[in-house]
Amino acid sequence: MKQVGKFLLDTNTINYIVRAASGDDPAFQYVERHFRLHRDQCAIAATTKQELVAWMEGERISPSERAELIRILAHFEERMIPMGDAVSDRAGKLSAVLKRRFNKNLKTADTQIAATALVHRCILISHDQDFDSVPGLVRLDWYLMAISEKKLLRVLKLRVGYVGIAAFFTYSALALMTTSTIQQMLLALGVLVEMFTLTGYGLIQWKLAREDRS
């Protein structure tokens, strides 16, 4: 089966992209940016379109979100993967395998989306961990990646701050205990270390601030 797209976006991923404009969650903007970067490599399953239309028609949705959802659905008009016989067969077999081997029941829609990804060899972009029980399915979580990246940056910021403080006191103490020539060398080295530390700290702070604003 020819690959129609590298990524198959699950319904919840499209939901996050639509809600990115509201600014409720910075992670939504992260997901939306990933979509913009890879939009030509993304596809959706026909089942996802069905769920999105049901969401648009059946739930309260703001005019801006409705307009964004309509725009996204139009974008995927040529990138929507129909069920077809191969996907239907794979979905049926997948339901049986999950029940028999793992005593696991996926929702019908999720089974169809998983089967679409498997048949068309796509990476499924989803926040739903239930898909992890599907044998052979590769799932990537852009939403979780956003949260993990911010946590990592905050940890790095803290570590860099500690390194800067430790370097300052270490080189100051060594300078006081050595001769004038060595003092000058140590102080010069200390200044360089401090400059690199402050630069790294500043870059991380800028990145975090940018993520919070976006």
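Mentor: The largest nonpolar core holds 26 residues, and those with the most contacts inside it are L9, I14, L69, F76 and W142. A nonpolar core here is a set of buried Ala, Val, Leu, Ile, Met, Phe, Trp, Tyr and Cys residues joined through side-chain atoms within 4.5 Å. Buried denotes under 20% relative accessible area, exposed over 50%, and partly exposed in between, with a 1.4 Å probe and protein chains only. The model is predicted: local features need pLDDT of at least 70 and side-chain atom pairs count only at pLDDT 80 or more, while totals for chains, interfaces and linings use all residues. Residues are numbered from 1 along each chain as its sequence is written, and side-chain values use heavy atoms, with hydrogens and water left out.

At least two residues of this core come from each of β1 (7-9), α1 (11-19), α2 (26-38), β2 (42-45), α3 (46-58), α4 (63-75) and α7 (142-176). The helices (H or I, at least four residues) and strands (E, at least two) are DSSP runs, numbered from the N terminus. The most is given by α2, with five residues. Leaving aside neighbours within four places in sequence, L9 is in contact (heavy atoms within 4.5 Å) with I14, I17, F35, C42, A43, I44, T48, F76, I125 and W142. There is also a second, separate core of 16 residues, which includes L98, I113, A117 and L124.

The crossing of α3 and α4 is left-handed, that is, the near helix is turned anticlockwise from the far one by less than a right angle. On α3 the contact is made by K49, L52, V53, W55, M56 and E57, and on α4 by R66, L69, I70 and L73. By class, this contact of α3 with α4 has seven nonpolar, no polar and three charged residues; Ala, Val, Leu, Ile, Met, Phe, Trp, Tyr, Cys and Pro count as nonpolar, Asp, Glu, Lys and Arg as charged, and the others, Gly among them, as polar.
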